[in-house]
Amino acid sequence: MTTSWTIDRAARVLLDREARRTDGGRITDEWPGLDVATAYQVQDALLARKKADGEAVVGVKLGLTSRAKQRRMGISSPLTGWLTDAMALPVDVPVPLGGLIHPRVEPEIVFVMAERLAGPGVTAATAMAAVGSVHAGVEIIDSRYTDFAFRLPDVVADNASSARFVVSPEGHDPRGLDLTLEACLLSVDGEVVDSATGAAVQGHPAEALALAANALAERGSAIEAGWLVLTGGMTDAVFVEPGRPITVEFTHLGRITVTG
Ligand code: OOG
Ligand code: MG
């Protein structure tokens, strides 16, 4: 008989895959009873272990907030994950390919919070009022599941595939920008491979921010002042390969290039 699964064991398996840079099968294949609420407990157990190793929470991410991402991953509901200081990759530092399994890059609009934002009942307008600045961002995701094949509880448990993120240092006042019309071009090796506007993210990235605040409230957490919020990939993600620089260029937020 197989060993039975627990929240702790799932967290350990996922962290072990991360440390060994190996992917593996879906937890739900062996633990069909793993529901989304329990998967968030795995995510929190995983965070607790990272904190015990000295990592600090610096924000939250949303995943699967755009149709492009939902279609690609075959999951239509957004999710959240934790961001820690160890995941921050400074601009112009290469993606540590040797330290990751199969990293993919996606363009994201990033908020830096001026004020604490606590649900329930947060709307896009109240969310926006708590934002200090908006930035260009790139998320480098890296699933601990083979071929990024997962069901919703698997990816929730895996901290929403988070691995690294790059945030452009210069921030913009979101009140001066129409984020629905903020466009982004995604290029690989100088060739545009995809594009989207901020409207791709839940109609407006502030809707994603509100969604995160309300979802965290259900778990007894809030978005703290000073935190980063990655609002979710605007386009499908592209694999990072050595020698093929990936650039995201926004209308007003600036540009970020990552290399493998
Ligand atoms: C899940 C994480 C999704 C996003 O921005 O949509 C995500 C995945 O695609 O592996 O980070
Ligand atoms: Mg993302």
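This is a predicted model: local features need pLDDT of at least 70, side-chain atom pairs count only at pLDDT 80 or more; totals for chains, interfaces and linings use all residues.

**Entry 1: ligand 1, polar contacts.** I started at Gly233, where a polar backbone atom sits 2.7 Å from an oxygen atom of ligand 1. Next I checked side chains. Ser161 has a side-chain N or O atom 2.7 Å from an oxygen of ligand 1, and Lys69 puts a polar side-chain atom 2.8 Å from an oxygen of the ligand. Then I looked up how much of the ligand is covered: on its own, ligand 1 exposes 310 Å², and the protein buries 100% of that.

**Entry 2: where ligand 1 sits.** I looked for the site among the cavities and found ligand 1 in the largest cavity. Which element gives the largest share of the shell? I found that E1 does, with 3 residues.

**Entry 3: who is in the shell.** I got 17 residues around ligand 1, and the closest are Lys61, Leu64, Glu106, Ser161 and Gly233. Sorting the shell by class, I have 8 nonpolar, 4 polar and 5 charged residues.

**Entry 4: the magnesium ion.** Glu106 turned up again here. Ligand 2 is a magnesium ion, and I see it coordinated by OE atoms of Glu106, Glu108 and Glu139, at 2.0 Å. I wrote down the donor spacing in sequence as E-x1-E-x30-E.

Entry 5: Last, I went through the loops. I found a cis peptide bond between Gly119 and Pro120, with omega about 0°. Pro120 is in the loop between E3 and helix H5 (124-129). I also flagged Phe148: its phi is positive, about 55°, although it is not a glycine. Phe148 is in a loop too, between E4 and helix H6 (152-157).

Technical notes: Residues are numbered from 1 along each chain as its sequence is written. Chains are lettered from A and ligands numbered from 1 in the order in which they are written. Side-chain values use heavy atoms; hydrogens and water are left out. A residue is near a molecule or strand if one of its heavy atoms lies within 4 Å of it. A polar contact is a pair of N or O atoms within 3.5 Å; within protein, one must be able to donate a hydrogen and the other to accept it, and residues adjacent in sequence count only if both atoms are side-chain atoms. Accessible areas come from the Shrake-Rupley method with a 1.4 Å probe; for residues, only the protein chains shown count as cover. On a 1 Å grid over the protein atoms alone, a cavity is a set of points where a 1.4 Å probe fits but cannot get out, and a pocket is an open set with protein on both sides within 12 Å along at least five of seven lines; lining residues have an atom within 4 Å of a point. A molecule sits in a cavity or pocket if more than half of its atoms lie within 2 Å of its grid points. Helices (H or I, at least four residues) and strands (E, at least two) are DSSP runs, numbered from the N terminus. Ala, Val, Leu, Ile, Met, Phe, Trp, Tyr, Cys and Pro count as nonpolar, Asp, Glu, Lys and Arg as charged, and the others, Gly among them, as polar. Donors are N, O and S atoms within 2.8 Å of the metal (3.2 Å for Na, K and Ca); water is not among the atoms, so sites may look incomplete.
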